[in-house]
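Dear colleague,

I am handing over the structure we spoke about, which you will find just below. Please look through it first, and then read the notes that come after it.

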Amino acid sequence: MERRFTIVTSEPLLEELERVLGYSRIFKHLGWDDERRVAYISRLRQRAEIVRPVRRLTVVSDDPDDDRVIEAAVAGRADYIVSGDAHLLTVQRFEAVQIVTPAAFLPVLDAD
C-alpha cells in the first residue's frame with residue numbers, strides 16, 4: 001500500500017517562511033543565496049496544498065503567531081503538525097490534529 005502525505009500551508013505561513021529564510025543567521029546556517037531561497041518557496045508553493053483558513057483560533061497563549069499554523073492544519077484537515085516549536089508542541093493536539101516532533105513522526109512515515 002502506497003502512503004501519501006500532503007504538505008498543507010497557507011499564504012501567511014509561506015510569507016513568514018520566506019521572511020525567516022532571509023534572516024542573516026538562517027542565511028549563514030543554510031548558505032542559500034536569494035535565488036535558492038526564492039526557488040525553494042516557489043517549489044513549496046507548487047507542491048503544497050495552500051489553504052485559506054476561515055476560523056481564527058486562540059490556542060497558543062505563549063506565542064499567538066503559532067495559532068496560524070494550527071489554523072492552516074485545521075483548514076487542510078491535516079492529521080499532524082510536525083514541528084520543533086516548543087510552544088506548538090506544548091499543545092500536543094488540537095481537535096483531530098496531533099502536534100509532534102519530526103522524530104516522533106518518523107514511525108508514521110515508516111508505518112505500512
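Predicted model: local features only at pLDDT ≥ 70, side-chain atom pairs only at ≥ 80, totals over all residues.

Strand 3, which covers residues 80-82, pairs with strand 5 in the parallel sense over three bridges, and here Tyr80 stands opposite Gln98 of strand 5. Strand 4, residues 93-94, pairs with strand 5 in the antiparallel sense over two bridges, and Phe94 has Val97 as its bridge partner in strand 5. Two residues lie between the strands in the hairpin of strand 4 and strand 5, and in that hairpin Glu95 takes a positive phi near 50 degrees.

Phe94 and Val97 return in the largest nonpolar core, which has eleven residues in all and also includes Leu57, Ile70, Ala73, Ala78 and Ile81. Helix 4 (67-75) and strand 5 (97-100) each supply at least two residues of this core, and the largest share, three residues, comes from helix 4.

Asp67 is buried yet has no salt bridge, and the nearest side chain of opposite charge, that of Arg68, is 4.2 Å away. If residues up to four places away in sequence are not counted, Asp67 touches Leu57, Thr58, Val59 and Val60.

In helix 1, which spans residues 11-21, the buried residues are Leu13, Leu14 and Leu21. Seen down the axis of helix 1, these buried residues fall within an arc of 100 degrees, so they line one face of the helix. They pack against strand 1 (8-10), helix 2 (24-30), helix 3 (34-47), strand 2 (49-51) and helix 4.

Finally, a search of the whole structure finds four salt bridges, and I describe some of them here. In one of them the side chains of Glu11 and Arg45 meet, at 2.7 Å from N to O. This pair links distant parts of the chain, with Glu11 in helix 1 and Arg45 in helix 3, 34 residues apart. Glu11 counts as partly exposed at 31% relative accessibility, and Arg45 counts as partly exposed at 30%.

Asp34 forms a salt bridge with Arg37, and the closest N and O atoms are 3.0 Å apart. Both residues lie in helix 3, three residues apart, which is about one turn of the helix. Asp34 counts as exposed at 52% relative accessibility, whereas Arg37 counts as buried at 16%.

In helix 4, Arg68 and Glu71 are three residues apart and so are separated by about one helical turn, and their side chains meet in a salt bridge at 2.8 Å, N to O. Arg68 is buried, with a relative accessible area of 19%, and Glu71 counts as buried at 5% relative accessibility.

With best wishes

Conventions. Residues numbered from 1 in each chain as written. Heavy atoms only, no water. Core = buried A, V, L, I, M, F, W, Y, C linked by side-chain atoms within 4.5 Å. Buried < 20%, exposed > 50% of the residue type's maximum accessible area, 1.4 Å probe, protein only. Helix = DSSP H or I, 4+ residues; strand = E, 2+ residues; numbered from the N terminus. Pairing = 2+ DSSP bridges. Lys, Arg positive; Asp, Glu negative; His and termini not counted. Contact = heavy atoms within 4.5 Å. Arc of directions from axis to C-beta.
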